[in-house]
Every structure is written in C-alpha cells, then in structure tokens.
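Some labels in a structural description rest on cut-offs.

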Amino acid sequence: MMAFALGMDAFSLGIGIGLKGIRLLDILKLSSVIAMFHVWMPLAGIVAGRYMGVLLGHVATMAAGGLLLVLGGHMIYSSMRGDHARSFNHRSVWGMTLFAFGVSVDSFSVGISLGLFAADMMMTILLFGAFGGLMSVLGLLLGRRVSVNLGDYGEACGGVILLAFGILFLV
C-alpha cells in the first residue's frame with residue numbers, strides 16, 4: 001500500500017510531464033531512473049531509520065507516525081493548491097535525475113519510518129522501485145491523453161493513504 005501511495009506521486013507528476021509531449025523512448029528512460037531512485041531513497045531511509053530506532057526506541061515510533069502524517073498532509077495540500085513541477089528538459093540526464101530525485105524524496109522519509117519498524121528491507125525497496133517505475137510509466141502514458149486534473153487527484157489519493165498509515169502508527 002505504501003509503495004502504491006508513493007507511486008501515485010510519480011504517477012501524478014508523470015501526467016504533467018506527459019502532457020508536455022514525450023516520446024516512448026523518453027518514457028522508458030525517465031521511468032527507469034525514477035524506479036532506481038525509488039530503490040535508493042528508501043534504502044537510505046531504512047538504514048537511517050534502523051539507526052534512529054536503536055537510539056530512540058518508542059519515541060521513534062511516534063516520530064515515524066508524525067512524519068507520515070506530515071508527508072500525507074503535504075501531498076494533499078500541494079494537490080489542493082495546484083503546485084506542479086517546474087518546467088525542465090526531461091530529456092537531459094540532469095533533468096531526468098532532478099525529476100526522479102524530486103519524485104523519490106518522499107520514499108526516503110517513508111523508508112525512515114519503515115526502518116524504525118524493522119521492515120523487510122529487500123521486499124520494501126523492490127516494491128518501491130517497481131511501483132515507482134510502473135506508476136511513472138502509466139502517468140507519462142496517460143498524460144499524453146488526459147487532462148492535468150487527474151494528476152492532482154492522484155497526488156491527493158497518495159496523501160490520504162500516507163495519512164492513514166501515519167494514524168495507524170500513532171494509534
């Protein structure tokens with residue numbers, strides 16, 4: 001569920017890029033970079049979260065729930081305000097890297113939360129990568145055909161899922 005929620009961010013931003021017009025080869029390249037970042041970022045977050053969990057114990061659990069609440073709330077707030085990614089050249093290496101990093105930064109924070117709960121690291125990072133890549137492909141393809149409003153709803157849905165997990169961690 002969390003991998004899907006974070007993939008919704010890649011999906012919604014992918015729609016915005018897809019609306020600008022993107023070739024199929026560029027979709028494959030960009031989605032591959034996003035998938036790699038959706039593996040690396042939560043991996044770094046899980047490692048950091050495990051270290052924090054040893055140091056903080058029960059307080060870390062509360063912090064993880066709070067972090068998910070903040071991330072989910074921010075995703076919903078951004079979708080309501082209509083914030084969109086700045087325009088950039090999605091065909092350049094720098095543009096792809098910057099876009100993938102921006103889409104995947106949430107995965108780092110969620111990885112911290114999962115690291116606090118000793119989640120299965122290999123399964124987590126593979127699911128995050130698979131969903132991040134798949135959802136970005138779907139968003140980029142759909143963006144070629146659909147209006148930008150669906151992207152805002154996709155980000156809001158992802159935010160609601162993260163909020164729900166945050167509440168579950170706190171309860």
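This is a predicted model: local features need pLDDT of at least 70, side-chain atom pairs count only at pLDDT 80 or more; totals for chains, interfaces and linings use all residues.

Residues are numbered from 1 along each chain as its sequence is written, and side-chain values use heavy atoms, with hydrogens and water left out.

Q: Why is Ser136 called buried?
A: Its relative accessibility is 0%, and buried means under 20% relative accessible area, exposed over 50% and partly exposed in between (1.4 Å probe, protein chains only). Ser136 therefore counts as buried.

Q: What makes the pair of Ser136 and Ser31 side chains a polar contact?
A: The two side chains are placed at 3.1 Å; a polar contact is a pair of N or O atoms within 3.5 Å, where within protein one must be able to donate a hydrogen and the other to accept it, and residues adjacent in sequence count only if both atoms are side-chain atoms. A polar atom of the Ser136 side chain also lies 3.1 Å from the backbone oxygen of Gly132.

Q: Why is the aromatic pair of Phe4 and Phe131 called edge-to-face?
A: The structure holds three aromatic pairs. In the one formed by Phe4 and Phe131, the centres are 6.4 Å apart and the planes make 85 degrees; rings of Phe, Tyr and Trp (its six-membered ring) pair if their centres lie within 6.5 Å, and planes under 30 degrees apart count as stacked, over 60 as edge-to-face and the rest as tilted.

Q: Why is Phe4 called partly exposed?
A: Its relative accessible area is 35%, so Phe4 is partly exposed.
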